[in-house]
Amino acid sequence: MFCNQCEQAARGTGCNSIAVCGKPANVSDLFDLIIYQMKGLSFFVEEAHKKKIDTSKYDRFIIESLFLTVTNVNFDEKRVYAWTKKADNYLDEISGIVGLPRNSPQLPQAASLSIKNWDDNTILKEAQKHPITNLNPNADIQSLIQLVTLGIKGLSAYAEHAAVLGKTDQTVFHYISSTLTTLLNPNITVDQLVGLNMKCGEVNITCMKVLNDAHIEHFGKPTPTPVYSGTKKGPAIVVSGHDLYMLEQLLKQTDAAGINVYTHGEMLPAHGYPKLKAHKSLVGHFGTAWQNQQKEFDGQPAAFVFNTNCIQEPRNSYKDRVFTTSVVGWPGVSHIEDYNFEKVIQKAKELGGFKEDKFQANLMTGFGHDAVLGVADKVIDRVKAGAIKHFFLVGGCDGAKPGRNYYTDLVEHSPKDTVVLTLACGKYRFNHLQDSLGTIGGIPRLLDVGQCNDAYSAVVIATKLAEAFKCGINDLPLSFVLSWYEQKAVVVLLSLLHLGVKGIRLGPTLPAFITPNILDFLVKNFDIKPIGNSGRGDLEEILSH
Ligand code: FSO
């Protein structure tokens, strides 16, 4: 194996025996094979388009497969081996539909490779021939191939969240299948790849809009909502991930069962949606960001459901009460296929739940673009009056590295005439500071816009502010300070670059798959910079301009 797709890449270069995230070497190799198979499947999808054949079944399978390979999603080798076989069946099926047998000489190898009747060992050996980290001898081309491939993984995750809610967009599917097919060309050029990367960012904005609309259509517009963080006496289920549809299905079943349901990590923004908070069993929020789960779940008398990333190895003290849904997997952990949460409810009852009410804090969430733009006049007045001097978007992923205290430092020391918008799990570095940060004329200084996919809301807010002040986004008193960890953050970054946002500060370290030349390109064209040594130092620099 060699994997450098996330911010934890060992020694800043890559993991080559067992991954820092805990992914075994064979699973990492199999992920490479799945990407290769998806390139083959994309080739057939493109052929099917030429013949006007409906490809929706295969489009959906491609995004699910790529989502499966995102960091901290699936660690279960049995399910991953089975997935490679499933992919092979899809390849067989579509080759029949488009009338191109898999042994046709004109097919690319990714489309003709058949693993039918192969044993696990043979599949693994084949997987090792297709590392996504070594596809092109030119390091810069290789770097751009990885950037776009990882961007497509993140895009696929968002497309799958929307698809679960019944919303899809052909632009997204067409971009993915045509790009994966183009990546099969060994003579692909730097210019082509730069274009594909920028397009990935553009298509992701469409995708995040589709997801945002799907959330609003299904659950109502999020509104600012205080969330009880802590525990309440009684049987408990804690839900971690991003999938609001899964949460809704669980809440329908727990309302009648007398079980308390808590959000964890990226599920916190669920409390802002009217149709979700109407459920009486949704009682509050438990814990903080994904990387604290082992400590926070240790020995707790609650059942835990992971509906997307980020899952970590469950300790023995709670492994028996962990459940996964959708593409998430951990070996030896129960997987729920059909939104029937009877087993989870049963487990929560058996465990008895928390013994007492233990309040920790009130966390505010639900400042989506509708809520923020609802007070846009007030915000604009405060800016014109000089009461708000600067906006920061401090968002992205949280992670385990110590350098992430930078984000706490920056927000904690942001001057009283500044407003911080935040999104994704990186908010846990500072959302406990909400009360001490206070308000400006009734507007909270820290606004939680939502999950990482709600970067769309942040883009809408920035665009509307720019319109109100008759300027471009880069002319606003707005600075982007981002933290990244996995591939959804990669695609959000590509979206910001597509919008022409300049001067983004990115940390805690730069991606291992970016070469010095590509970094130079990003610096020259987008003025992208690594975060400095301290949040305070960067604050001073930002505000001095
Ligand atoms: Fe975080 Fe994990 Fe949402 Fe990521 S929980 S790290 S960018 O999966 O998706 O923000």
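Predicted model: local features only at pLDDT ≥ 70, side-chain atom pairs only at ≥ 80, totals over all residues.

Me: Which residue stands opposite S483 in strand 15?
Reply: That is G507. S483 also has G396 standing opposite.

Me: And how many bridges link strand 9 and strand 14?
Reply: Six, in the parallel sense. On to strand 10 (residues 418-423): four bridges join strand 9 (residues 390-396) to it, and these two run parallel. F391 has V419 as its bridge partner in strand 10.

Me: What is the strand order in the open sheet of six strands?
Reply: The order is 13-10-9-14-15-16, with parallel pairing. Strand 13 (446-450) and strand 16 (529-530) are the edge strands, each pairing on one side only.

Me: What holds strands of a sheet together, in general?
Reply: Strands of a sheet pair through backbone hydrogen bonds, either parallel or antiparallel.

Me: Where does an antiparallel pair turn up here?
Reply: Look at strand 1 and strand 8 (residues 358-365), which pair in the antiparallel sense over seven bridges. T225 has T365 as its bridge partner in strand 8. Strand 1 (residues 225-231) is mostly covered, with six of its seven residues buried.

Me: Back to strand 14: how many of its residues are buried?
Reply: Six of its six. L478, F480 and L482 point one way from the strand, while S479, V481 and S483 point the other way.

Me: Which helix lies across strand 9, strand 14 and strand 15?
Reply: Helix 20 (residues 535-544), running at about 140° to strand 9. D538 lies in that helix.

Me: Is D538 buried or exposed, and why?
Reply: D538 counts as buried because its relative accessibility is 7%, and the cut-off for buried is under 20%. The D538 side chain makes a polar contact with the side chain of Y406, at 2.6 Å. Leaving aside neighbours within four places in sequence, D538 is in contact with Y406, L410, R505, I531 and G532.

Me: New topic: which residues are around the ligand?
Reply: They are H242, E266, W290, N309, C310, C397, A424, C425, C452, E486 and K488. An N or O atom in the E486 side chain is 2.5 Å from an oxygen atom of the ligand. For K488, an N or O atom of the side chain is 3.0 Å from a ligand oxygen atom. With C425, a backbone N or O atom lies 3.4 Å from an oxygen atom of the ligand.

Me: What about the largest nonpolar core?
Reply: That core has 179 residues, and I176 and I237 have the most contacts inside it. Apart from it lies another core, of 15 residues, which includes V394, Y407, L437 and V481.

Me: What is I176 in contact with?
Reply: Setting aside neighbours within four places in sequence, I176 is in contact with S42, I62, I63, L66, I152, L155 and S156.

Me: Last one: where is G151, and is it buried or exposed?
Reply: G151 is found in helix 6 (residues 139-164). G151 is buried, with a relative accessible area of 0%. Beyond its neighbours within four places in sequence, G151 is in contact with C200, V490, V491 and L494.

How values were computed:
Residues numbered from 1 in each chain as written. Heavy atoms only, no water. Buried < 20%, exposed > 50% of the residue type's maximum accessible area, 1.4 Å probe, protein only. Pairing = 2+ DSSP bridges. Contact = heavy atoms within 4.5 Å. Axes fitted to C-alpha atoms, helices over the stretch in contact; angles between N-to-C directions. Near = heavy atom within 4 Å. Polar contact = N/O pair within 3.5 Å; in protein donor to acceptor, adjacent residues only side chain to side chain. Core = buried A, V, L, I, M, F, W, Y, C linked by side-chain atoms within 4.5 Å.
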